[in-house]
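Please take a moment to look over the sequence and the 3D structure before reading on.

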Amino acid sequence: MNRGTLYIISAPSGTGKGTIVSEILKADPNIKFSVSATTRAPREGETDGVNYYFISRERFKDLISSGGMLEYAEFCGNFYGTPKQAVFDRLDAGNDVILEIETVGAMKVKAAYPESVSIFILPPSVSELRRRLKKRATDSDEVIENRVAEAAREIEKSADYDFVVVNDDLDRAIQDVKTVMKAAKNLTKLNKDTIEGVLNKC
Ligand code: 5GP
């Protein structure tokens with residue numbers, strides 16, 4: 001059985017990444033979402049074990065020291081991390097896995113697992129991002145300005161990703177991410193065995 005592909009998807013908050021990822025998961029049951037652990041409190045509508053594993057700082061530190069995290073990072077005062085075992089079990093079972101993580105963690109995964117495929121979703125502009133965050137009205141003005149500043153820092157890192165997709169039109173952005181994910185299956189770095197196999201058939 002072929003090993004699954006590990007996709008890393010990053011985007012500043014307010015870029016629509018949640019919607020894009022859920023549409024991708026709906027369209028292909030072979031693609032699994034990696035549920036992260038976090039020390040932040042659940043938001044309204046979020047379920048433990050579905051959106052995140054909501055855990056204490058102590059438990060988070062235990063997971064790091066026992067080697068249970070593929071990566072982790074601090075973001076806006078909270079810790080976020082990817083439980084390692086679940087990701088590799090799924091890849092070994094032939095499933096593709098999506099990590100929806102921020103840029104520091106993304107670069108750690110890229111270094112530790114070079115076969116991963118990284119995609120950054122860009123907002124059309126920073127001012128449009130601010131407008132979307134205000135429209136969502138879940139955060140105070142101060143929190144929104146912090147998120148916008150964090151977004152600008154993250155967007156600077158997008159050049160280190162394999163692919164970028166601009167979300168100026170949601171349907172097109174979903175289609176573009178699907179296209180990129182499919183095309184990534186043909187990347188040379190993911191087809192070394194295929195090339196070997198062809199050579200060995202002469
Ligand atoms: P939020 O609190 O809005 O759900 O997420 C804040 C940021 O943390 C987002 O950029 C999200 O992609 C990122 N994030 C979620 N899970 C993980 C994780 O396991 N590791 C890292 N490094 N970032 C994560």
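The model is predicted: local features need pLDDT of at least 70, side-chain atom pairs count only at pLDDT 80 or more, and totals for chains, interfaces and linings use all residues. Residues are numbered from 1 along each chain as its sequence is written, and side-chain values use heavy atoms, with hydrogens and water left out.

**The sheet**

Let us begin with the strands. Helices (H or I, at least four residues) and strands (E, at least two) are DSSP runs, numbered from the N terminus. Two strands pair if DSSP finds at least two bridges between them. Here, an open sheet is built from four strands in the order β4-β3-β6-β5, with mixed pairing. At its edges sit β4 (52-54) and β5 (69-75), each of which pairs on one side only. Strand β3 (residues 36-38) runs parallel to β4, and three bridges join the two. Within this pair, A37 has Y53 in β4 as its bridge partner.

**The pockets**

A pocket is an open set of points on a 1 Å grid over the protein atoms alone, where a 1.4 Å probe fits, with protein on both sides within 12 Å along at least five of seven lines; lining residues have an atom within 4 Å of a point. Grid points are joined across faces, edges and corners, and a volume is the space filled by probe spheres set on the points.

The largest pocket holds about 1000 Å³ of space. It is lined by 36 residues, and K17, R40, R43, Y52 and E100 are the closest to its centre. Helix α1 provides the largest share of this lining, with five residues.

The second largest pocket has a volume of about 500 Å³. Among its 17 lining residues, N2, R3, L190, N191 and D193 lie nearest the centre. Helix α8 (residues 192-200) gives the most to this lining, namely three residues.

**The ligand**

Which residues are closest to the ligand? They are S36, R40, Y52, Y80 and E102, out of 16 residues that surround the ligand; a residue counts as near if one of its heavy atoms lies within 4 Å. The table lists polar contacts, meaning pairs of N or O atoms within 3.5 Å.

| Residue (polar side-chain atom) | Ligand atom | Distance |
|---|---|---|
| R43 | oxygen | 3.1 Å |
| Y52 | oxygen | 2.6 Å |
| E102 | nitrogen | 2.6 Å |

Methods. A polar contact is a pair of N or O atoms within 3.5 Å; within protein, one must be able to donate a hydrogen and the other to accept it, and residues adjacent in sequence count only if both atoms are side-chain atoms.
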